[in-house]
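Reader: I am new to this structure. Could you walk me through how to read it?
Author: Gladly; let us look at it together.

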Amino acid sequence: MPPLPERFSLLPRAETAALFQTARGVVRGGEFLAASARLAALLPTGMPAGSTVLNLCEDRLSFALGFAAAMIAGFRSALSSDHSPARARDLATRLGAAAILSEAAIGESAAPPAPWRTITVDPATLLTGATEAREQVPNPEIAGETPAAEVFTSGSTGEPVAHRKTWGALHARSLAAASRFELGASDAGADGPVSVVGTVPPQHMYGFETTILLAFHCPVTVWCGPTFFPHDIAAALAAMPAPRLLITTPLQLRALLDAALPLPPLALVISATAPLAPDLAARAEARWQTRVAEIFGATEAGSIASRMTTSGEIWEAYPGLRLAAAAEGAAADGTTADGVVSVTAPYAGTVALADALELLTPARFRLLGRRSDVVKLGGKRASLAALTRILTAIEGVEDGVFVAPGDLDAEPTARLLAFVVAPGREPGEILAALRREIDPIFLPRRVIPLPRLPRNAFGKLSAAHLAALAGPPASS
Amino acid sequence: MPKRYEPYRSRPWESMNQPDTIPDTIPFAAPPLALEAEVARLIVTVLHLENKPEEIDPEAPLFGEGLGLDSIDALELALAISREYGIELKSDDERNRRIFASLRALAAHIGAARVR
C-alpha cells in the first residue's frame with residue numbers, strides 16, 4: 001500500500017546544529033539554509049516543473065549548498081560521476097538542464113550559447129553574506145514523492161541511465177542508516193553529533209547518502225575537505241572531534257592501513273562499493289581498535305543492507321525495506337532469474353537488483369555475486385557487452401571482446417583486457433580510439449591482438465580459453 | 001574578513017586538461033636520468049603495467065592521454081612513493097598537477113622532496 005502523503009523539512013535539524021566542518025570552521029543549520037537560499041536566487045526562474053540542475057561540485061559543502069538550493073527553487077539535482085567537460089555538457093543538453101553548478105568554470109563550447117546557466121559555487125561568499133544578512137531563512141516542507149535527485153549510471157548501451165530519488169525515499173533511508181549505525185536521534189544527544197569523514201564523491205549514490213544526506217537528516221557533522229590520499233584522511237580525522245565515523249572504500253581502507261599513519265580513535269569504519277576482504281577488515285579493527293561495517297547497495301536502490309565484515313557473510317537489510325525473490329523470468333536483461341531480488345521501500349517503489357542474492361529470511365541474505373555482465377571498477381559500473389560493442393565498432397576491428405580478469409574484485413591494480421582481431425592496426429591505435437568513447441577506468445590495460453578469437457561451433461567464446469590466451473595475471 | 005574558502009579537488013591529478021592557474025614561476029629542475037629511470041621502474045612494477053620502463057615517454061602525461069593512468073593508479077602510486085621515498089602526497093598541495101604531469105616532473109619532485 002502506498003504510504004499517505006507526507007511532507008519532510010528540507011533541514012529537520014536545529015539552526016545551531018553543526019552540519020559540516022571545513023578547515024575554516026563549522027557550518028551550522030541556520031547559516032547553511034541562508035547560504036542555500038542565496039544560491040537558489042541565482043538559479044533561473046520560470047523553468048518547467050521537474051527541470052534539473054547538473055551538480056558537478058566536488059567539494060562537499062559546495063555540493064550540499066547546490067543540492068539544497070535546487071530543492072528550495074523547485075529543481076531536481078542531476079548527479080553524474082563523469083565530470084569530463086564534454087560529457088557533462090552532453091548530459092546537460094540531454095536533460096535540458098536549467099543550470100550547471102561547479103566550483104570552476106567547465107569551459108563553455110564556443111557557439112551557440114549554452115541554454116543553461118553556468119553557476120560557480122563559492123561557499124565563502126554565500127556563507128559570509130548569509131551571516132551578515134540574518135534574513136528569514138526558508139526551510140521548505142517538501143512532499144515525500146517530490147523527485148529530489150536523478151543519479152546517473154552507465155547503462156548497458158553505454159548511455160547514462162537516470163535513477164530517480166524522491167525526497168521521501170532519501171529521508172527514510174537516512175533514518176534507516178542512523179538507526180542501523182546508532183548515529184543518535186538528535187543533536188541534543190550526550191556525545192554531540194557524530195563526526196563523519198567520507199572519501200567517496202558526493203555524486204556517487206553511496207557518497208551522496210552518507211556524506212550529504214546524513215548531514216541533512218541525522219545528528220552528524222560531515223568533513224568538507226580533501227580525503228583522497230591517506231594523509232588527507234588522517235588530517236581530516238584529526239581535525240574532527242570524537243566520536244568519529246570513517247566512510248570509505250576497500251581500496252582507500254587498504255591504502256590507509258599500508259600508509260601506517262597515526263589516527264585518532266575511530267568509533268566505526270564503514271566500507272562499500274566493492275566487497276571488503278575479511279582479513280583487511282580484521283587488520284583495520286586490530287590496528288585502530290574499532291569495528292568495520294560494510295554497506296551493500298546499488299545506485300538504483302541505494303544502501304539496502306549492512307554487515308559487520310568480521311562477524312560473517314550474512315547481510316541484514318535496513319529497517320523499513322522489503323526484499324522479495326522476483327518471479328521466474330523477471331530479469332529484464334535476459335539473464336537467469338536465479339537470485340533475482342527486488343527491493344520495495346517507502347517512496348521508492350520496487351526495483352530489481354543487479355546482484356544475485358540468496359534470501360535467508362525477508363531481512364537477511366547472502367550475496368551470490370553479479371548476475372549480469374556488469375563489472376565494477378573505482379565505484380563505477382560498465383557492461384562488458386556494451387564495451388565489446390564499442391570495441392568492435394572501431395574501424396579496422398573485425399572481431400573483439402572485453403574480458404574481466406578473475407581477480408578484478410580483489411586486486412586493486414587489476415583492469416580489463418581486450419582481445420582484438422584487427423589486421424593492420426596497432427593495439428595503441430585501438431586504445432586511443434577506445435579512450436575517446438569510454439571512461440578511463442574501463443580502458444583495457446592490455447589490448448591483445450589475435451589472428452582470430454577462439455569461438456566454439458556456436459560462435460561463443462570460452463572464458464577459460466580466453467584466460468589461457470591472456471597468460472597469468474601480471475600481478476602474480 | 002575570513003580567509004577565502006578554497007574548494008578542494010577530489011581528483012588532484014586530474015586537472016592537466018584545464019587551464020593551469022598556478023604560476024609556473026619555479027620550474028622543476030630536470031632530475032638525474034638515473035632517478036627518472038628508477039621512478040619509471042617503480043611505476044611499471046607497482047601498477048603492473050605492460051609497458052617496459054624505458055618505453056615511458058618522460059614528457060608525456062601520466063594520466064589521461066599518454067600513459068593512461070587512472071584514479072586508482074594515483075592512489076597506488078602515492079603509496080609507493082611514500083614507501084620508497086618518504087614523501088607524503090596531500091590533495092591540498094597546489095603542486096600536485098605539476099608533480100603528476102609527467103614522469104620527468106614526478107622524478108624531479110621526488111628528487112627534491114625525498115627524505116630517504
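**Reading the model step by step**

Author: Chain B has a mean pLDDT of 76, with 72% of its residues at 70 or more; pLDDT is the predictor's confidence in each residue, from 0 to 100. This is a predicted model, in which local features need pLDDT of at least 70 and side-chain atom pairs count only at pLDDT 80 or more, while totals for chains, interfaces and linings use all residues. Residues are numbered from 1 along each chain as its sequence is written, chains are lettered from A and ligands numbered from 1 in the order in which they are written, and side-chain values use heavy atoms, with hydrogens and water left out.

Reader: Over which residues of chain B does pLDDT stay under 50?
Author: A caution comes before the case: where pLDDT is low, the predicted coordinates should not be read in detail. In chain B, residues 1-5 stay under 50, and the model gives them 13 contacts (heavy atoms within 4.5 Å) beyond four places in sequence. Residues 15-26 of chain B are also below 50, with 15 contacts beyond near neighbours in sequence.

Reader: What does chain A average in pLDDT?
Author: The average for chain A is 87, and 88% of the residues score at least 70. Helices (H or I, at least four residues) and strands (E, at least two) are DSSP runs, numbered from the N terminus. The model as a whole scores ipTM 0.73 and pTM 0.83.

Reader: How many helices and strands does chain A have?
Author: There are 12 helices and 27 strands in chain A. For sheets, the general idea is that two strands pair if DSSP finds at least two bridges between them. In chain A, one open sheet of 3 strands runs in the order β18-β19-β20, with antiparallel pairing.

Reader: Why is one side of β18 and of β20 in chain A left without a neighbour in the sheet?
Author: Both β18 (322-325) and β20 (349-352) of chain A stand at the edges with a single partner strand each, so one side of each has no neighbour in the sheet. Between β18(A) and strand β19 (residues 341-345) of chain A there are 4 bridges. One bridge partner to look for is A:Thr344 in β19(A), which pairs with A:Arg322.

Reader: Is A:Arg254 buried or exposed?
Author: Buried means under 20% relative accessible area, exposed over 50%, and partly exposed in between (1.4 Å probe, protein chains only). A:Arg254 counts as buried, because its relative accessibility is 19%. A:Arg254 lies in helix α8 (residues 250-259) of chain A. Leaving out residues up to four places away in sequence, A:Arg254 touches A:Leu280, A:Pro412 and B:Glu76. For chain A as a whole, buried residues make up 55% of the 476 residues.

Reader: And where is the place of B:Lys52?
Author: Look in the loop between α1 (33-46) and α2 (71-85) of chain B. B:Lys52 is partly exposed, with a relative accessible area of 47%. Its C-alpha atom is separated by 15 Å from that of B:Leu69, 17 residues apart along the chain.
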